Amino acid sequence: MVLSGRVQHDDELKMDDDYKDDNSHQQSSINRIVENVSKKTNAINNNTTKSAAAGGGGGGSITSPPPPMRWYNQRMAFTNKEDKGVCLSMHQPWASLLVAGIKRFEGRSWTSNYRGRLWIASAARIPSEEEVKAVQIQYQKIYSMSPDIPFPSSYPTSALLGCVDMVDCLDQSEFQHYRNRHAADFVEDSESQYLFVCQNPHTVALPQRAKGGHKFWDLSPAVVHAVQKGLQPSSQAWLQSARKYARQTQGT
């Protein structure tokens, strides 16, 4: 159920102010996305084409050995017993896209050594229909306009939405190196200083109201125990269809 049309309280407004530092790559560009989505996504496609044409070799500008991909070939999965209730607040529509597995990297201005299950809560700000549509178009471009992308039917605000496994944190150079080597793997672009690598997305059966907090914050053990019971894995079968669709459209 969509949680919309509600009045923000003073503490929620302050919480949104906190996001301006951590989520600046999203909040500061939200209006520009509506106006410039075509320009931005074309740039992503151009970079992908150039990287693919270069064969993923990295080019002559790399003067040191490539950074190791500490996580790429090891599919980590954290269990309920390992769940520490660590939560991250994000603006919509990106929050729902992350727990759906459509968004796979989350940018921040700060790094973290945390590895484990990461719960995702949506902020109080309600995105406009135009903003949601623009971001969806952005991801359609990333996934080669595949018709199978399972965009959420709603984007609840001030809610606990689900969780992902945070398996690594890449700095900008590591992230761009990965994008260049795996240009055909639908990797979104980001200008953030650090990128959280997210895998194993799950959604809760029913989004729970949540106030949120600054940076990483903790859910109570009672809340963690309750929402664990309704966790549902976000199907990633559509990715295979998207890859097949990309090969067909690019190869014929």
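In the predicted model, Leu231 contacts Arg117, Trp119, Cys163, His202, Thr203 and Val204, leaving aside neighbours within four places in sequence. Leu231 belongs to strand β7, which covers residues 231-233. Its relative accessibility is 17%, so Leu231 counts as buried.

Strand β3 (residues 116-122) and β4 run antiparallel and are joined by six bridges. On β4, 12 of the 13 residues (159-171) are buried, and the strand is therefore mostly covered. Strand β4 also pairs with strand β5 (residues 194-209), again in antiparallel fashion, through 10 bridges. Within this second pairing, Asp171 has Tyr194 of β5 as its bridge partner. In a regular strand, side chains alternate between the two faces of the sheet.

The protein chain as a whole contains eight helices and seven strands. Of its 252 residues, 47% are buried. Among contacts between residues at least 6 apart in sequence, 88% join residues at least 24 apart. The chain exposes about 12,700 Å², of which carbon and sulfur atoms supply 51%.

The largest nonpolar core comprises 33 residues, and within it Ile102, Ile120, Tyr139 and Tyr143 touch the most other members. Two or more residues are given to this core by each of β1 (86-90), α4 (94-99), β3, α5 (129-142), β4, β5 and α8 (237-251). Apart from this core lies another, of 12 residues, which includes Ala121, Cys163, Val204 and Val227. For Tyr139, the residues touched are Trp94, Leu97, Ile102, Lys103, Ile149, Phe151 and Glu188, when residues up to four places away in sequence are not counted.

Eight aromatic pairs are present in the structure. In one of them, the ring centres of Trp110 and Phe216 are 5.1 Å apart and the planes stand at 85 degrees, so the pair is classed as edge-to-face. Trp110 is in the loop between β2 (105-108) and β3, whereas Phe216 is in strand β6 (residues 216-218); the pair therefore ties together parts that are 106 residues apart in sequence.

The structure holds zero disulfides. Cys87 is in no disulfide, and the nearest cysteine sulfur, that of Cys163, is 9.8 Å away. With 0% relative accessibility, Cys87 counts as buried. For Cys169, the closest cysteine sulfur is that of Cys198; the separation is 9.8 Å, so the two are too far apart for a bond. Cys169 is likewise buried, with a relative accessible area of 7%.

Several backbone features were also noted. Most residues other than glycine have a negative phi, and most peptide bonds are trans. Gln92 and Pro93 are joined by a cis peptide bond with omega of about 10 degrees, and Pro93 is placed in the loop between β1 and α4. Ser144, a residue other than glycine, has a positive phi near 55 degrees. Ser144 is in the loop between α5 and β4 and, at 18% relative accessibility, counts as buried. Asn200 likewise has a positive phi, near 55 degrees, but is found in strand β5. With a relative accessibility of 28%, Asn200 counts as partly exposed.

Note on methods:
Residues numbered from 1 in each chain as written. Predicted model: local features only at pLDDT ≥ 70, side-chain atom pairs only at ≥ 80, totals over all residues. Heavy atoms only, no water. Buried < 20%, exposed > 50% of the residue type's maximum accessible area, 1.4 Å probe, protein only. Helix = DSSP H or I, 4+ residues; strand = E, 2+ residues; numbered from the N terminus. Pairing = 2+ DSSP bridges. Core = buried A, V, L, I, M, F, W, Y, C linked by side-chain atoms within 4.5 Å. Contact = heavy atoms within 4.5 Å. Areas by Shrake-Rupley, 256 points an atom, 1.4 Å probe, with all protein chains shown as cover. Disulfide = S-S within 2.5 Å. Phe/Tyr/Trp six-rings, centres within 6.5 Å; stacked < 30°, edge-to-face > 60°.
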